[in-house]
Amino acid sequence: MNDSDPKLGAEASESNVLGGTSATLHAYPSLALDPDGEGFWARIDRWSERVTAWLNPILLKEARQSLKSKQFLVTFFCLLVASCAWTMMGIIFNAPDVYFLPTGDTMMIGYFLILSISLFAFVPLFAFRSLAAELDEGTYEMLAITRLSAWGIVTGKMNSSVLQMLIYFSAIVPCLAFCYLLRGIGLPTIALVIAIAFITALVLTAFALMLSTLAQGRTLQTFLLVGLIAVIGFVEFGCCGIVFSAVLTDQWSGTWFGFLSGFLMAGSFVVLFLAAASARIAPITENRSTRLRAILFGQQVLWIMMLSYATWTVDEVEIIQLGMMALGIFWFVVGVFTCGESVELSPRVRRGLPATYLTRMLFTWWMPGPGTGFMFVVSTALSGLIVMTGVGQIAEAWHVRRAPDTLSVYFAAMMAGYLLAYLGTVRLLAMPFLKRFGPSFIPPLAAALVVVFAAVIVPATVDVALHGEIQSDYTVVHAFDWMWTWDQALSSGGLSRVIALLILAVGVLILCVNLISLFREFRRRRIAIPTRVIQDREAAAAPDPV
């Protein structure tokens with residue numbers, strides 16, 4: 001039987017040649033000995049194939065393109081040269097104290113400045129230009145016809161930028177370890193500095209990607225690029241000031257929970273900006289609003305948790321009032337952009353509308369549309385102000401060292417009135433232009449600038465017309481001057497409850513005017529799914545035949 005089997009014959013002949021060592025040496029490679037793919041290397045091969053399939057193709061393309069670009073090579077080379085130069089300068093200028101005294105915190109200043117310029121400036125600008133070029137040169141259409149979604153395209157661009165950040169970090173981390181060896185700075189402080197730089201770079205890069213989707217035409221691209229450079233410069237100086245004055249000097253007072261919540265809030269803005277960018281480039285047949293509103297709602301929950309913890313820790317109700325002010329500004333900005341959404345919904349979106357009475361009552365505001373977006377902003381902001389008022393009332397009654405100048409309930413009434421009045425006026429002013437020129441963010445944004453500017457100028461003009469000059473005392477005439485009213489509410493005198501309730505009453509009146517034009521969107525109902533679509537979904541979900 002062995003003579004008739006060529007395989008066994010080959011093994012036997014090899015065993016004779018090698019002196020009977022066929023138990024340890026084989027005539028065939030290892031893969032041929034595992035035809036069923038159940039061995040160790042076969043599992044590694046399958047795992048690597050799954051990882052390759054999971055990776056975003058845009059990431060691979062952008063990684064090859066960016067790492068071969070002159071921008072990356074020049075930036076990385078300058079980063080290495082600047083790091084070496086600062087190391088030599090720091091040792092020379094601190095000699096001979098560098099051998100005896102702690103100088104790590106001084107060296108960290110230069111390293112952080114070098115790293116922040118690379119992360120905050122070059123990475124966001126390259127990301128902005130990358131996605132803007134895809135949209136401007138028409139290559140995005142080639143990506144859109146593939147199986148990649150808009151979210152996949154944007155996250156691929158973002159992951160490519162993160163890869164560049166990690167390479168920059170790999171060049172600077174040995175220098176940070178050198179700072180630790182020089183003493184004067186601890187590992188927790190170094191970790192906090194790295195986290196601040198990384199999170200800030202992520203936020204700027206995501207913001208740059210969102211801005212790039214707004215750039216339609218070379219003129220607007222140039223304008224947005226100049227604005228992005230201005231934002232980067234502001235963030236660079238602000239972040240360096242915080243790190244140099246508070247973090248490196250160990251003068252910051254806080255807990256790891258406080259920093260963690262701050263990083264989570266910054267991470268939520270990264271997700272928000274990426275979702276907004278993907279919504280901008282997604283097809284008009286897709287639901288481009290619900291995901292954004294879910295993220296916004298989550299941000300409000302996180303913000304309330306942060307402010308409640310800070311108020312309870314510091315024993316100051318002014319923190320919760322400043323949080324109300326920031327929340328009102330945030331929802332006003334969101335509401336302005338929401339007013340520019342399209343009124344018309346595609347059949348695919350209408351097939352996903354709430355069907356029952358209960359789901360329509362709870363989730364109608366989460367559906368696309370300017371009217372539903374306006375009501376989502378108003379209802380979510382009011383609920384947030386109510387919760388923060390409750391936190392402020394509890395703190396005022398039990399926990400704080402002294403009562404605030406303006407009670408939280410009246411401060412919340414003022415902020416709610418401002419939001420309802422200003423946002424409702426912006427919507428009423430922008431509606432004729434939106435009907436004439438179609439959905440766009442330009443009319444609501446222009447109307448918002450007019451309203452905010454007029455709210456300050458009109459009361460001053462009335463003062464000059466009645467008294468010949470601007471009055472030094474705050475009166476009811478200045479109720480809708482948001483700058484003066486906020487200053488009065490946070491000053492020693494506080495804001496009168498009559499003026500706060502007056503602002504709220506005017507805001508409710510403007511809201512009622514807006515509700516008249518919203519019934520058309522509220523009457524939308526879910527449509528049935530066509531039989532062909534159901535059959536296509538069943539065919540796609542069916543397992544492949546063996």
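Let's start in the loop between helices α7 (150-181) and α8, which is where Arg183 sits. (Helices here are DSSP runs of H or I with at least four residues, numbered from the N terminus.) This is a predicted model, so local features need pLDDT of at least 70 and side-chain atom pairs count only at pLDDT 80 or more, while totals for chains, interfaces and linings use all residues. Residues are numbered from 1 along each chain as its sequence is written, and side-chain values use heavy atoms, leaving out hydrogens and water.

**The loop residue**
- Arg183 isn't a glycine, yet its phi is positive, at about 70°.
- Arg183 is partly exposed, with a relative accessible area of 37%; buried means under 20%, exposed over 50%, and partly exposed in between (1.4 Å probe, protein chains only).

**The nonpolar core**
- The largest nonpolar core has 122 residues, and Leu119, Trp331 and Met414 touch the most other members.
- A core like this is a set of buried Ala, Val, Leu, Ile, Met, Phe, Trp, Tyr and Cys residues joined through side-chain atoms within 4.5 Å.
- Helix α8 (residues 187-214) gives this core its largest share, 15 residues.
- Beyond its neighbours within four places in sequence, Leu119 is in contact (heavy atoms within 4.5 Å) with residues including Pro124, Met165 and Tyr168.

**Aromatic rings**
- The whole structure holds 15 aromatic pairs: Phe, Tyr and Trp rings (the six-membered one for Trp) with centres within 6.5 Å, called stacked if the planes are under 30 degrees apart, edge-to-face if over 60, and tilted otherwise.
- Phe269 and Phe273 have ring centres 5.9 Å apart and planes at 45°, so they make a tilted pair.
- Those two, Phe269 and Phe273, are four residues apart in helix α10 (residues 256-281), or about one helical turn.
- Trp331 and Phe376 have ring centres 5.9 Å apart and planes at 75°, so this pair is edge-to-face.
- Trp331 is in helix α12 (residues 318-338) and Phe376 in helix α15 (residues 370-399), so their pairing ties together parts 45 residues apart in sequence.
- One aromatic cluster takes in Phe207, Phe269, Phe273, Phe330, Trp331 and Phe376.

**Cysteines**
- There are zero disulfides, counting a pair of cysteine sulfur atoms within 2.5 Å as one.
- Cys339 is buried at 3% relative accessible area, while Cys512 is partly exposed at 41%.
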